[in-house]
Amino acid sequence: MKETDREAVATAVQRVAGMLQRPDQLDKVEQYRRREARKKASVEARLKAAIQSQLDGVRTGLSQLHNALNDVKDIQQSLADVSKDWRQSINTIESLKDVKDAVVQHSQLAAAVENLKNIFSVPEIVRETQDLIEQGALLQAHRKLMDLECSRDGLMYEQYRMDSGNTRDMTLIHGYFGSTQGLSDELAKQLWMVLQRSLVTVRRDPTLLVSVVRIIEREEKIDRRILDRKKQTGFVPPGRPKNWKEKMFAILERTVTTRIEGTQADTRESDKMWLVRHLEIIRKYVLDDLIVAKNLMVQCFPPHYEIFKNLLSMYHQALSTRMQELASEDLEANEIVSLLTWVLNTYTSTEMMRNVELAPEVDVGTLEPLLSSHVVSELLDTYMSTLTSNIIAWLRKALETDKKDWVKETEPEADQDGYYQTTLPAIVFQMFEQNLQVAAQISEDLKTKVLVLCLQQMNSFLSRYKDEAQLYKEEHLRNRQHPQCYVQYMIAIINNCQTFKESIVSLKRKYLKNDVEEGVSLSQPNMDGILDTIAKEGCSGLLEEVFLDLEQHLNELMTKKWLLGSNAVDIICVTVEDYFNDFAKIKKLYKKRMTAEAHRRVVVEYLRAVMQKRISFRSPEERKEGAEKMVREAEQLRFLFRKLASGFGEDVDGYCDTIVAVAEVIKLTDPSLLYLEVSTLVSKYPDIREMKTPCALFPVKVS
């Protein structure tokens, strides 16, 4: 307290010092004193009020505690009195045991009297119930069945209460009402029959289906009531709980499964399209059933049954099971396609689960896949394996068929532009198109895989095609009389190469839609090289045919016979032109190459005749005559190949200029200029390797 007083005095001194800092403030000392007195009085009043309030609260609390103590004493006294009375009444309770037994017996007798009428009328009620069931009056039959079961259960319950161990009386009661269980089973059978045909019944007689649902709801309520009583008494009547609601859904599920399985009308042996028909029937049945369930059946069931949701789940599960069964069978390639197309596309399309009549109750996004990804992968692997074997077999068969055409005595067909062709490219790419279109129906990924497969097999096929074309040429060269239309079919083979190229490009452009897929295509073997080789060898074979016929006349060049007036070049020109008239049905790209090659080879053969020293000029006049003949024949050849190359826009004069240049060297009369001219000729035409010295052209001395 002293410390507190000192702090208070110090605080007061500090405040007074703060108020009296200037001389003029001394005049206000009285005013300050009165103001502090008022503050002090106010604080004291608040303290008194607070203390008074606390005292009142303490006084009230003490009063309540005193009253509580008195109440506890009264309760203690009352409990003592009750305990005393209870101990005194024990003997009285023991003496009332006979009364208790009499009450129980009275209760049982009262129940027996109450049910006596029903007990005596049990046989009659059984007959009436049986008749009602046979007549289809299911609600009335169920009402009477409920009365029978109520009487039986009531008697058995009273017997159970009186003596739960008395099995003889319980058996007697159960035996007397024995036909009740049979009626229940018979009624249940009728209910299940209606439920099995519920999709038909709901259209023809929805009230019958409503009656069945009402009966099931009644039984469910009875089951719940009995199960609640079991918790209290432990008694359960025979045959309970019936669980008819659970059995109803089991029946519906079994009906759905049977309906799905029963749609297979054919087998592979009786109809190659059995699976397509089976899946289409399933699609139609399931869609129709779900539409009926959505529009009609939901009106016959209580909302908490969620009948449409449950039926949708049943159909989905039944379909999944059926698809699993089909997938486990040894399916052919086309059957795998049909199954996967249906499972992956048709099922979730507007033709089925996305149908507008099922919206919005059916959300396709919530449906589990009918087949697991593992099963789908296995089916795709099987399909790709089978497809690979089929494509190889189809390509081999197509090539064998085409080879048979090569030996025919009739010319091949021509396309719309008049070029010879065979049916091989059309057959091959029609087959590819069909498989790609089928794969595209399943998925984009499968489409890409099939395209890769087709391109791979096409590469192998073209290698075989090249080998067969080479054998065809070699066999003809061994016997040029056979086959009769060799030239025409070789032209068709050459033209097919361009058709194959165009078809491959078209196929890639059509079925490769994005950059990723384009990358796949670029990784495929380059088939253009093989096709170019086939075309080149084919063109070479045709030219070989030409030069075999020209061989005799080419051998006459630069001989005495030639110098004396042989018409070998005339025959060469006529023969070449005649052959190239036949070659008119080669496509322009290849004909252009053949024309250039024929031109080059004729000139080469002409120059080779010059280099082989078949003739010796005895005089300058002979050399001049021979050189002039060479120039004339060069112009003749130039005219021929200009004519053949018309429309190609090619410069065809270069080759014949070589013959003219050689003729100019032969025509020389001054030997001193010979070396210079020959050197100039060799530098201009370095391919003339045989011309080593001027003497090659001048076997006799120049005068």
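I count a salt bridge when a side-chain nitrogen of Lys or Arg lies within 4 Å of a carboxyl oxygen of Asp or Glu. By this rule I get 25 salt bridges. I note that the model is predicted, so local features need pLDDT of at least 70, side-chain atom pairs count only at pLDDT 80 or more, and totals for chains, interfaces and linings use all residues. Residues are numbered from 1 along each chain as its sequence is written, and side-chain values use heavy atoms, with hydrogens and water left out.

Entry one: helix α11. I take helices as DSSP runs (H or I, at least four residues), numbered from the N terminus. Glutamate 280 pairs with arginine 283, with the closest N and O atoms 2.8 Å apart. Both sit in α11 (residues 274-295), three residues apart, about one turn of the helix. For burial I use relative accessible area: buried is under 20%, exposed over 50%, partly exposed in between (1.4 Å probe, protein chains only). Glutamate 280 is partly exposed because its relative accessibility is 38%. Arginine 283 is buried, at 15%.

Entry two: helix α16. Lysine 447 bridges to glutamate 444, closest N and O atoms 2.8 Å apart. The two are three residues apart in α16 (residues 444-478). Lysine 447 is buried at 3%. Glutamate 444 is partly exposed at 46%.

Lysine 629 bridges to glutamate 633, closest N and O atoms 3.6 Å apart. They are four residues apart in α23 (residues 620-644), about one turn. Are these two buried or exposed? I find both lysine 629 and glutamate 633 buried.

Last entry: I find Glu400, Lys403 and Glu468 linked in a salt-bridge network.
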